[in-house]
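Thank you all for making the time this morning.

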Amino acid sequence: MENNKEYAIQVRNLTVSYGPKPALLDVSFMIYSGELVGIIGPNGAGKSTLMKAILGFVKRDIGDVYVFGKPVEQTRGMVAYVPQRGTVDWDYPVTVYDVAMMGRYGHIKWWKNASREDHEIVERSLEMVRMSDFRHRQIGQLSGGQQQRVFMARALAQGAKILLLDEPFAGVDAATESAILDVLAEAKKAGITLVVVHHDLATASEYFDKLLLVKQRLYAAGPPSLVFRQELLTEVYEGRLKVFTDLIKA
Ligand SMILES: Nc1ncnc2c1ncn2[C@@H]1O[C@H](COP(=O)(O)OP(=O)(O)O)[C@@H](O)[C@H]1O
Ligand SMILES: [Mg+2]
């Protein structure tokens with residue numbers, strides 16, 4: 001059965017270093033089209049670096065990244081990305097609508113001639129994240145969770161078949177959490193492949209079909225029931241595991 005499925009992402013023997021110690025070491029995995037995948041692991045494990053590698057944003061020491069079978073360098077625009085909060089300049093003087101439209105045009109300078117279809121896609125994307133009512137608001141005047149949703153709308157408006165989200169649930173309010181979960185469900189229904197860095201082990205097995213457990217190396221990849229094993233989590237989370245022991249069913 002799995003032979004019929006298309007690979008959205010293939011990572012082979014990936015090593016990435018910023019300095020002497022690699023941030024990622026010999027990481028290999030595959031993600032099928034339409035999967036909803038969570039990347040878990042402690043702080044500094046290389047989760048954000050892995051996302052950047054799938055976007056082609058970091059230099060690889062060794063290894064290959066393929067997106068729908070093509071080398072990542074040839075796949076610009078096929079993958080949409082919502083960065084970790086705190087990495088974006090929110091003082092940028094643009095409206096919610098402008099930010100979502102950037103998903104169509106990359107930059108507001110170019111969207112004077114946006115087509116009716118572009119506007120429809122932007123409206124739909126804002127509806128999906130429940131931010132239509134805020135369309136004229138300056139992005140800097142929103143809560144962190146609302147800003148996050150607008151950046152998700154921008155990614156959706158891009159029309160990419162793969163969506164990467166770096167810790168979208170970190171520090172958001174309940175309204176945003178539920179809006180994001182709805183977006184994940186709807187995007188999955190639409191056949192979009194979703195890869196989400198997630199810091200909260202308590203919800204990881206509930207939210208995702210498949211998990212990648214990362215700490216420099218890939219420790220496990222598969223359904224949550226396979227990844228949530230005592231010896232694996234003990235090794236990866238070390239002393240911090242006590243908090244999580246009640247999550248392990250084995
Ligand atoms: N631009 C960078 N320059 C130097 N070191 C970096 C850079 N980005 C990340 N690192 C280092 O690489 C490791 C992995 O970081 P990161 O991918 O951000 O981890 P995570 O997202 O899991 O917290 C960490 O040790 C971090 O300090
Ligand atoms: Mg990170």
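Which residues coordinate the magnesium ion, ligand 2? Before I answer, please keep in mind that what you see is a predicted model. In that model the magnesium ion is coordinated by Ser48, through its OG atom, and by Gln84, through its OE1 atom, at 2.1 to 2.7 Å. Ser48 belongs to helix α1, residues 47-55, while Gln84 sits in the loop between β6 (79-82) and α2 (96-105), so the pair ties together parts that are 36 residues apart in sequence. Gln84, with a relative accessible area of 26%, is partly exposed.

Ser48 also brings us to the other ligand. Ligand 1 is surrounded by Tyr18, Ala23, Pro42, Asn43, Gly44, Ala45, Gly46, Lys47, Ser48 and Thr49, and of the elements that contribute to this shell, α1 gives the most, with three residues. Where the backbone is concerned, an oxygen atom of ligand 1 is 2.8 Å from a polar backbone atom of Gly44, one is 3.1 Å from a polar backbone atom of Ala45, and one is 3.0 Å from a polar backbone atom of Gly46. Taken alone, ligand 1 exposes 560 Å², of which the protein buries 54%.

Let me stay for a moment with Pro42, one of the residues around ligand 1. Val214 and Pro42 are 172 residues apart in sequence, and yet 8.0 Å apart in space, C-alpha to C-alpha. Val214 lies in strand β9, residues 210-215, and counts as buried, with a relative accessibility of 1%.

I turn next to the sheet. In what order do the four strands of the open sheet run? The order is β2-β1-β4-β5, with antiparallel pairing, and the edge strands are β2 (22-32) and β5 (70-71), each of which pairs on one side only.

On to β4, then: β1 and β4 pair in the antiparallel sense over five bridges, and the bridge partner of Ile9 in β4 is Val67. Finally, strand β4, residues 62-67, pairs with β5 in the antiparallel sense over two bridges, and here Val67 stands opposite Lys70 in β5.

My last element is helix α4, residues 144-157, which has 14 residues and reaches 20 Å from its first C-alpha to its last, close to the 20 Å expected at 1.5 Å a residue. Is this helix enclosed or exposed? Of the 14 residues of α4, 13 are buried, so the helix is largely enclosed by the rest of the structure. After α4 comes Gly159, whose phi is positive, near 75°.

I will stop there, and I am glad to go back to any of these elements in the discussion.

How values were computed. Residues are numbered from 1 along each chain as its sequence is written. Chains are lettered from A and ligands numbered from 1 in the order in which they are written. This is a predicted model: local features need pLDDT of at least 70, side-chain atom pairs count only at pLDDT 80 or more; totals for chains, interfaces and linings use all residues. Side-chain values use heavy atoms; hydrogens and water are left out. Donors are N, O and S atoms within 2.8 Å of the metal (3.2 Å for Na, K and Ca); water is not among the atoms, so sites may look incomplete. Buried means under 20% relative accessible area, exposed over 50%, partly exposed in between (1.4 Å probe, protein chains only). Two strands pair if DSSP finds at least two bridges between them. The expected span of a helix is 1.5 Å times one less than its number of residues. A residue is near a molecule or strand if one of its heavy atoms lies within 4 Å of it. A polar contact is a pair of N or O atoms within 3.5 Å; within protein, one must be able to donate a hydrogen and the other to accept it, and residues adjacent in sequence count only if both atoms are side-chain atoms. Accessible areas come from the Shrake-Rupley method with a 1.4 Å probe; for residues, only the protein chains shown count as cover.
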